[in-house]
Amino acid sequence: MITRFSDALTKTDLFSLLGLFFALSLALSAPCQAEILTLTPSKDNTLYESSDGSLSNGIGFYLFVGATADNGNRRALLHFDLSAIPRGSVLRSAELTLYMDKSNAGATTIGTHVVLADWGEGTSAGARGEGLGGSASSGDATWLHTFYPKTSWSQPGGDFTPAPSAIQDVDGIGSY
């Protein structure tokens, strides 16, 4: 069969066709090239534990996590737009890097969790270093609200997976 097929082609055509098959077989058998994609959050906010859910920091410069000296809890929210990842891609790993620039808490463990509901980033801004939050504005995420003042989390403090996706011990100023 190859003899009859090659009779219908010139040697140049045959070598070109064989070269194409060889190139295709190499391309199909070669491993996919890994790419690194750096994303920055498309929105962020801090949930400040409060009984009335009126505190937020939608446009603030800082995020807060952990417990305060007076036992108030803080949870940072980060949203990433993943549309830059091509359809059909296989994610092998992801890395989140945050920088702690101040803390009096000492060593503590921070967990990351998947948030299970959409949430807002309004125009609220925390006062005096932002650690106490500010008055929530329309559309802000708060301890009680996904979108202040109308839409609520199903539980105070936000809706998220109970098991952390990752944990990190932090202690002192630096990148983690």
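Two strands are counted as paired if DSSP finds at least two bridges between them. Strands themselves (E, at least two residues) and helices (H or I, at least four) are DSSP runs, numbered from the N terminus. The model described here is predicted, so local features need pLDDT of at least 70 and side-chain atom pairs count only at pLDDT 80 or more, while totals for chains, interfaces and linings use all residues. Residues are numbered from 1 along each chain as its sequence is written, and side-chain values use heavy atoms, with hydrogens and water left out.

The chain holds two helices and eleven strands, in the order α-α-β-β-β-β-β-β-β-β-β-β-β from the N terminus. Of its 176 residues, 22% are buried, where buried means under 20% relative accessible area, exposed over 50%, and partly exposed in between (1.4 Å probe, protein chains only). The accessible surface of the chain is about 12700 Å², and carbon and sulfur atoms account for 58% of this surface; such areas come from the Shrake-Rupley method with a 1.4 Å probe, and for residues only the protein chains shown count as cover. Among contacts (heavy atoms within 4.5 Å) between residues at least 6 apart in sequence, 67% link residues at least 24 apart.

Three of the strands form an open, antiparallel sheet with the order β1-β4-β3. Its edges are β1 (43-48) and β3 (66-67), each of which pairs on one side only. Two bridges connect β3 with β4 (residues 73-79) in the antiparallel sense, and A67 has N73 of β4 as its bridge partner.

S56 counts as buried because its relative accessible area is 0%. Its side chain makes a polar contact of 3.0 Å with the side chain of N45; a polar contact is a pair of N or O atoms within 3.5 Å, where within protein one must be able to donate a hydrogen and the other to accept it, and residues adjacent in sequence count only if both atoms are side-chain atoms. Leaving aside residues up to four places away in sequence, S56 touches a set of residues including N45, T46, Y48, S124, G126 and D140.

L37 is classed as partly exposed because its relative accessibility is 46%.
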